[in-house]
Structure formats: C-alpha cells, structure tokens
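The following exercises are to be worked with the sequence and the three-dimensional model at hand. Each task is followed by a solution in steps.

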Amino acid sequence: MVPQVVPARRRPPRQPPARTQAAELPVARVAVEVSLAHLDRPFDYLVPAKFAEAAVPGCRVRVRFAGKLTDGYLLERSPGSDHPGKLAFLERVVSAEPVLTAELAGLARAVADHYAGTLADVLRLAIPPRHAATESQPSGPAAAPPTTPDPGPWARYPMGAGFIAAIAGGRSPRAAWSALPGQSWPHAIAVAVAAAASAGRGAVVVLPDAADLARVDAALTSVLGPDGHVALSADLGPAQRYERWLAAARGSVRVVAGTRSAMFAPVRDLGLVVLWDDGDDLHAERRAPYPHAREVLALRAHRSGAAALIGGFSRTAEMTQLAQAGWARTLRADRAEVRSRVPEIRAAGDDSELARDEGARAARLPSVALRAARDALTRGPVLVQVPRRGYLAAIGCARCREQARCGSCGGPLALESAGAQAQCRWCGRLASGWRCPRCQATEIRALVTGVRRTAEELGRAFPSAAVRVSGGQGRIGRVQAAPALVVATPGAEPAADGGYAAALLLDAQALLGRADLRAGEEALRRWMNAAALVRPRSQGGIVVVLADAALPAVQALIRWDPVTHAERELAERAELGFPPAVRMASVTGSASAVRSLLASAALPDGAEVLGPVPTAVGDDRQAEGEVYRALVRVPRTVGTRLARALAEAQAGRSARKDPERLRVRVDPLELI
DNA sequence: ATCGTCATTTGT
DNA sequence: CAAATGACGATC
C-alpha cells in the first residue's frame with residue numbers, strides 16, 4: 001500500500017465568513033486605540049448586519065487593524081466611505097453602551113490637537129476601563145433639580161450674587177476667582193453648582209487632591225442632598241469608578257466632583273466647570289499628552305457654552321492672562337471685606353532677632369515667631385508649615401557644608417529618622433561611611449530640615465504642647481479647636497475647627513530661592529492656602545512668614561493681594577518671553593532625535609528654538625543615556641500652528657518607524 | 001500580522 | 001517581454 005501522501009498543508013486560507021452588512025448606514029467610522037501619530041485619524045469599517053442595532057455612535061468596538069485585534073470607539077455611522085480600498089467588517093461590538101459621547105469625542109480631539117498628542121492617548125485618560133457587570137446594572141433616575149439657591153457666601157463678593165444668578169439663569173459667566181479666606185470655599189463651590197443644577201444643567205468640579213475632594217463632597221451633599229452628585233477619585237476600585245462614571249454618562253447624575261481625571265467626566269448638558277486652586281501642580285496630568293485641568297476645563301466651558309469658576313485663594317499668571325484677554329472676569333471681594341477676614345501677617349526675615357530660648361533656637365525660630373506661637377497656643381491650635389517632607393531632607397559636611405551625595409548615582413543623601421543611616425533620595429542606596437569629598441571630614445549636619453525633625457524640635461521648644469504631623473503618607477484631615485502644634489507640609493495642612501490661632505511659615509525664603517519660573521507665585525499660593533486656615537485678625541489670628549518683607553511675594557501675602565502680584569508676574573513673563581505670555585513646547589529625547597524633529601517640523605514664522613541642551617536629570621532618571629531637551633517659543637496667536645507642526649513632525653517619525661519615542665509637551669510645567 | 005503595490009529578477 | 005518573486009509600506 002502506497003502511503004498516502006498528504007501534503008503538509010498549512011492551515012486553510014481563512015474563509016472570510018459570509019457576512020452581510022447592515023442595511024442602514026453600513027459604514028462605521030472608528031477611532032482605533034493606537035497611539036501612533038500617523039494613524040491618528042478615523043478608519044472606516046463595515047457594520048455586520050447582526051450588529052446593526054448595537055453599533056451605536058460612541059460604543060466600544062473590536063476591529064482587525066493591521067492584522068491585530070484592536071479596541072476602538074465607533075465615532076459615527078455613515079452611508080458610505082471615502083476609502084478607495086475595500087473595507088473590513090467590525091469584529092464585534094463590545095457593548096452598545098455609548099461611552100464616547102459626542103461632547104467627549106469633540107473635547108478629546110481638541111485636547112489632543114492642543115497638546116500635539118493623539119486622540120487615543122486622550123481617550124485612555126478620559127474613559128475608564130469597562131466593567132461589564134457594572135454596565136449591566138441600570139443607573140437610577142436623576143435627582144430632581146434643586147431650587148435656585150441663595151447666593152450665601154457669594155453675597156460677600158461685589159459681583160458674586162450676579163454671578164450665581166447668571167448661572168441659575170442658564171447663562172455662562174466665566175470667573176477668575178480669588179477666594180475670600182475665612183469662609184468655606186467648598187460651600188461656595190457647592191452653591192455655584194446648585195445654581196447650575198437649578199437651571200437643569202450639569203457641573204464638573206475638579207480638586208487637586210483627595211482631601212479637598214472630601215471637603216467638596218461633603219459640601220455638595222449638604223447643598224444638593226445625598227443623591228445629587230458623585231465623587232470620582234483615583235482610589236476607587238474599577239467597579240465603583242465605572243459605576244459612577246456611567247451614572248454621569250447616562251445622565252442619571254448631573255454633577256461630578258473629582259480629582260484631575262474627572263476633568264473629562266461625561267456630564268450631560270454641562271452648565272458649569274469649577275477648578276479649585278488651579279496653581280497646584282497636581283492639576284497637570286503626568287501621562288501623554290500631559291493635559292492640564294485648567295486648559296481642559298476652559299476648553300470644555302468654551303466648547304459647551306458652560307460657565308466657569310476657576311481659581312483659589314491665590315491667583316496664577318494663567319488665570320490673569322485669561323482675565324486680561326477678556327475670557328474671564330475677576331471675581332473677588334473688595335478690600336474692606338478682605339481685611340476683615342484675613343489674619344494679621346508679619347514677616348520675619350534673616351535679619352530678625354532669633355529667639356533666646358534654646359529650644360526655639362534649635363527650631364530656627366525668630367523671637368517674633370516664638371512669641372506669636374506661645375501666645376496663640378493659649379487660644380487654639382497653631383499651624384507650622386514646613387516646605388520639606390521627611391526628617392532631614394538634605395545633609396552635608398559638618399565642617400565645610402558641602403552637600404552629601406550618593407556615591408553611586410550622585411543623588412542627595414537624606415535621613416529618614418533620628419537614628420537612621422543616610423540614604424540616597426534618588427536610588428535608595430544606604431550610604432555607609434560617608435566622607436566629605438572636599439575636606440575629608442566624616443561628621444554630618446542638617447542642611448534642610450523636614451517636617452518630622454521640625455516637629456521633634458518644636459516639641460522641645462513647646463514641651464507642654466501636643467505636636468501632630470501631617471505630610472507625605474500620614475495626613476490629617478482636620479484638627480480640633482484645642483491647643484496643639486500642627487506641623488504640615490504644603491498641601492497637607494488639616495483644617496482646624498474654628499480656625500488656627502496662628503500659623504508659622506518656616507523656611508519661606510528657601511521657597512523663593514528655587515530656580516523656577518513660578519517660584520514667587522508658587523510660594524504665595526502655598527502661604528495663602530495655609531494662612532486662609534487661620535482666624536481673622538479680629539479674633540487674634542496671626543501668621544508669621546519667615547522671609548524678607550521686601551520681597552514681592554511676601555508683600556502680596558501681607559496685603560492679601562494675589563491679583564496684583566499675578567498681574568506683575570504676567571507682565572514680567574511677557575518681558576522675558578515666558579509662558580503664559582507666549583506659548584512654549586518642549587521636546588525631550590536624544591540630541592539627534594530632538595534636532596531632527598525640529599528640523600522637519602514646519603514651525604510657524606517667528607518660532608524660536610532654544611537648545612537642545614542636556615536636561616537636569618532630577619530624580620526621574622530611569623532612562624539610560626543622555627537626555628536632551630529643546631524649547632520652542634512662539635507668540636500665543638500661532639500656538640495652534642505650533643501644536644499642529646509638532647504633531648505632524650511626530651507623525652513623520654512614527655510613519656518612518658523611528659524606534660525612539662520623543663516626548664513633546666505643550667505648555668510644559670518645568671521650564672528651567 | 002496581512003495585504004496590496006511596485007520594483008526587480010527570472011524564464012521565455 | 002511576461003510571469004514570478006521579493007521589498008516595502010500602509011494598516012479601512
């Protein structure tokens with residue numbers, strides 16, 4: 001018997017399953033989840049007849065793209081396609097839930113364009129991962145709109161009642177808000193939100209961190225009732241996160257408050273966006289294309305015709321720019337009202353007399369600060385703001401003060417507790433047997449004192465006071481009215497029942513000395529946020545800032561005038577050609593890649609390229625090899641063209657399959 | 001990964 | 001000069 005020769009047949013050629021296309025609108029325009037710049041456009045697919053109903057605009061689909069199964073979103077159904085080749089079928093409709101609403105699709109495209117990024121990258125930030133079990137649960141009916149609220153805290157602002165009335169009337173005023181201290185800003189936000197809700201419109205509120213979100217969450221509950229809103233934060237599990245997000249997308253909840261990523265919350269009929277403390281760098285997204293909540297919410301308000309309330313106790317140059325451009329109106333209380341609300345503020349510079357008390361000397365307290373704290377401790381809690389976390393954030397040679405650095409990576413050495421061994425803040429290596437490279441001494445001394453060491457020193461200076469620490473991992477949300485020393489890092493200050501009797505702002509001068517464009521504005525923001533927690537002067541509230549009274553930021557604090565300070569700041573930046581007076585973008589990568597990208601980009605006329613120069617690696621140094629950065633500067637009027645030119649140049653690179661990924665940032669936060 | 005296009009090679 | 005092969009690029 002001749003063995004049958006079976007040719008080693010490879011798998012039979014794929015039988016295209018005999019699929020028929022939907023009768024109506026058979027073409028689906030799909031945004032594929034691919035973040036390559038040259039593929040950042042819709043692709044057309046045929047809708048199989050069996051998905052004719054499920055394939056609704058905004059739903060998640062799976063398609064074969066370049067051979068691979070890929071996720072995507074159905075943007076629209078269309079009767080035909082411009083694609084000259086033949087179309088593939090949708091592989092399947094993941095679910096008929098329209099998660100990419102028309103508003104969100106338009107917003108995401110605009111955000112991608114502004115930041116020279118891709119739609120896929122923005123959608124990854126904007127839409128949470130699907131949770132099927134949650135999706136099959138129905139969302140409840142929307143709460144009934146509240147009645148038009150009383151302007152309440154807004155009556156203290158000359159334009160406040162009008163602002164609230166305009167929102168309640170369905171109009172869209174936009175405010176650059178300088179909040180009045182000494183009253184509840186979360187409550188003020190809740191009232192503005194209630195005004196939008198009373199007009200049958202939705203609202204999005206974005207806060208810098210979970211503590212602020214909790215405060216606004218509570219205020220919204222008290223103003224709107226328990227079912228009037230949802231809170232979205234990073235610490236939610238996937239199911240809860242998706243459930244609340246869906247409730248907004250389905251229209252069963254009209255108000256969303258949350259941290260950064262809530263800026264994309266799919267609230268329907270958007271009537272108001274709110275951003276609290278827009279200078280906080282937590283509002284800048286860390287993932288590509290690095291959108292900032294202020295920019296996204298402003299864009300959103302603009303596109304949706306919503307009102308906007310953006311600000312904090314302080315004022316950023318960016319909001320000043322928007323106010324001067326006429327996009328927003330300044331919303332603040334008049335001088336008399338401000339004066340009646342703020343604490344007394346005193347500056348103690350380097351020349352001020354140090355306290356005689358030994359404990360206070362150790363804590364580097366001038367006598368004016370010591371007296372203020374001692375006196376205040378008889379009346380209530382005292383806040384001490386320390387701009388560095390940890391124990392000793394930097395150490396150096398006891399003899400020559402040379403900073404102690406890691407032997408293997410050059411990072412700064414720090415101490416985590418009193419008896420601990422010195423450790424590198426960058427690579428974590430323990431440094432044993434440190435010897436000063438300059439003078440060979442082996443003794444170390446403190447260069448920068450962190451919160452925990454400061455708390456220890458203050459405990460000795462005030463032996464009878466309870467000392468509490470808030471910062472880093474261990475945060476306190478609120479303290480009682482009883483006397484106590486509360487030592488906190490900026491942003492981690494707990495509120496005090498009835499307000500603090502005093503606040504000491506330590507190492508304030510050091511904040512101003514940082515080589516950062518925003519040093520002055522940022523210092524003022526941190527100080528005002530702390531000072532706003534202190535009782536007004538009429539109730540004995542006092543703030544002592546350890547910095548030279550002649551400095552503009554210190555003057556602005558003493559006068560409680562962030563607007564004038566920001567106006568001067570903006571004018572200076574215009575003079576120097578810095579944002580937001582101009583538009584900038586940064587390009588980061590190898591020197592050759594940065595150069596070739598900029599050479600191939602059709603930059604607008606008047607574009608100025610600075611660099612590339614090697615970047616300060618900082619403590620974010622996972623990349624091996626030299627990292628270079630160039631800055632491109634253009635007039636604001638051609639900012640859009642700059643972004644387009646950079647996006648097109650990136651598309652050229654990805655089409656050429658250049659393996660090196662370059663990082664392009666529009667409006668980069670770090671400039672120096 | 002897969003498919004189509006276009007240039008190049010190979011067989012007449 | 002036509003058919004077969006392969007490189008390349010787009011990716012529906």
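**Exercise 1. Determine how strands S14 and S23 are joined, and describe the sheet around them.**

Step 1. Strand S14 (residues 382-385) and strand S23 (residues 502-505) run parallel and are joined by 4 bridges; helices (H or I, at least four residues) and strands (E, at least two) are DSSP runs numbered from the N terminus. Two strands pair if DSSP finds at least two bridges between them. Val-382 stands opposite Ala-502 in S23.

Step 2. The model is predicted: local features need pLDDT of at least 70, side-chain atom pairs count only at pLDDT 80 or more, and totals for chains, interfaces and linings use all residues. Residues are numbered from 1 along each chain as its sequence is written, while chains are lettered from A and ligands numbered from 1 in the order in which they are written.

Step 3. The open sheet is formed by 6 strands in the order S13-S24-S23-S14-S21-S19, with parallel pairing. Its edge strands, each pairing on one side only, are S13 (344-347) and S19 (467-470). From one strand to the next the twist averages 15°, where axes are lines fitted to C-alpha atoms, for helices over the stretch in contact, and angles run from 0 to 180 degrees between N-to-C directions.

Step 4. Helix H15 packs on this sheet and touches S13, S14, S23 and strand S24 (542-545). The direction of H15 makes about 160° with that of S23. Helix H16 also packs on the sheet, touching S13 and S24, and its direction makes about 160° with that of S13. Residues are in contact if their C-beta atoms, placed from the backbone, lie within 7 Å.

**Exercise 2. Characterise the packing of H15 against H16.**

Step 1. The axes of H15 (residues 519-531) and H16 (residues 552-559) come within 9 Å and cross at roughly 30°.

Step 2. H15 and H16 are therefore roughly parallel to each other; angles under 35 degrees count as roughly parallel, over 145 as roughly antiparallel, 65 to 115 as roughly perpendicular and the rest as oblique.

Step 3. The crossing of H15 and H16 is right-handed. A crossing is right-handed if the near helix is turned clockwise from the far one by less than a right angle, and left-handed if anticlockwise.

Step 4. On the H15 side, Gly-520, Ala-523, Leu-524, Trp-527, Met-528 and Ala-531 meet Pro-552, Ala-553, Ala-556 and Leu-557 of H16.

**Exercise 3. Locate S9 among its partners, and state whether its residues are buried or exposed.**

Step 1. Strand S7 (residues 202-207) pairs with S9 in the parallel sense over 5 bridges, and Leu-207 has Thr-259 as its bridge partner in S9. Strand S8 (residues 230-232) also runs parallel to S9, through 3 bridges; there, Val-230 stands opposite Val-256.

Step 2. S8, helix H7 (residues 238-249) and S9 make a right-handed β-α-β unit. A crossover is right-handed if, with the strands pointing away from the viewer, the path from the first strand over the helix to the second runs clockwise.

Step 3. In S9 (residues 255-259), 5 of 5 residues are buried. A residue is buried if 20 or more other C-beta atoms lie within 10 Å of its own, exposed if 12 or fewer, and partly exposed in between, with C-beta atoms placed from the backbone.

Step 4. In a regular strand the side chains alternate between the two faces of the sheet. Val-255, Ala-257 and Thr-259 point one way from S9, and Val-256 and Gly-258 point the other way.

Conventions
Contact = placed C-beta atoms within 7 Å.
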